[in-house]
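Subject: Structure handover

Hello,

Here is the structure I said I would pass on. My notes on it follow below.

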Amino acid sequence: MGRLGPTEIILILVVIILLFGAKKLPDMARSLGKSARILKSEAKAMKDDDKSAAPADPPNNSDQQPPAQRIIQAAPGDVTSSRPVNEPTDTSKR
């Protein structure tokens with residue numbers, strides 16, 4: 001009962017094509033791939049931030065300028081989905 005044979009797999013694929021339509025399937029696959037790339041780039045950015053994190057108690061200098069905004073891109077070369085990210089400078093004032 002737990003194993004799927006080739007006829008069951010073909011039947012499932014036919015039902016999926018009938019439900020979603022042949023035109024929407026490539027668009028769905030494309031958006032799924034784009035979402036996976038975004039997730040991968042965000043996870044990599046978080047990992048890079050952890051490696052380059054400052055010490056837990058940074059000195060408070062009033063002469064320092066606030067850090068510049070970072071741009072996180074969804075995919076390499078995809079300018080339309082890039083957005084500026086404001087990072088909080090002091091999390092203790094919440």
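Of the 94 residues in the chain, buried residues make up 6%. Please keep in mind that this is a predicted model. The accessible surface of the chain is about 8,900 Å², and carbon and sulfur atoms account for 61% of that surface.

Overall layout

There are 2 helices and 2 strands in the chain. Along the sequence they follow the pattern α-α-β-β. Taking the contacts with a separation of 6 or more, 28% are between residues 24 or more positions apart.

Helix α1 and the nonpolar patch

Helix α1 covers residues 6-20. Its length agrees with expectation: 15 residues at 1.5 Å a residue should span 21 Å, and the end C-alpha atoms of α1 are 21 Å apart. After α1 comes G21, which has a positive phi, near 85°.

How many salt bridges does the count come to? The count comes to 1 salt bridge. It joins the side chains of D27 and R30, with an N to O distance of 2.8 Å; the cut-off for such a pair is 4 Å. In general, side chains of opposite charge can pair when their charged atoms come close.

Both D27 and R30 belong to helix α2, which covers residues 24-51. They are 3 residues apart, about one turn of the helix. An α-helix has 3.6 residues a turn, so residues three or four places apart point the same way.

Are the two partners buried, partly exposed or exposed? D27 has 45% relative accessibility and therefore counts as partly exposed. R30 has a relative accessible area of 56%, so R30 is exposed, the cut-off for that class being over 50%.

That is what I have on this one.

Regards

Methods. Residues are numbered from 1 along each chain as its sequence is written. This is a predicted model: local features need pLDDT of at least 70, side-chain atom pairs count only at pLDDT 80 or more; totals for chains, interfaces and linings use all residues. Side-chain values use heavy atoms; hydrogens and water are left out. Helices (H or I, at least four residues) and strands (E, at least two) are DSSP runs, numbered from the N terminus. The expected span of a helix is 1.5 Å times one less than its number of residues. Buried means under 20% relative accessible area, exposed over 50%, partly exposed in between (1.4 Å probe, protein chains only). Contact means heavy atoms within 4.5 Å. Accessible areas come from the Shrake-Rupley method with a 1.4 Å probe; for residues, only the protein chains shown count as cover.
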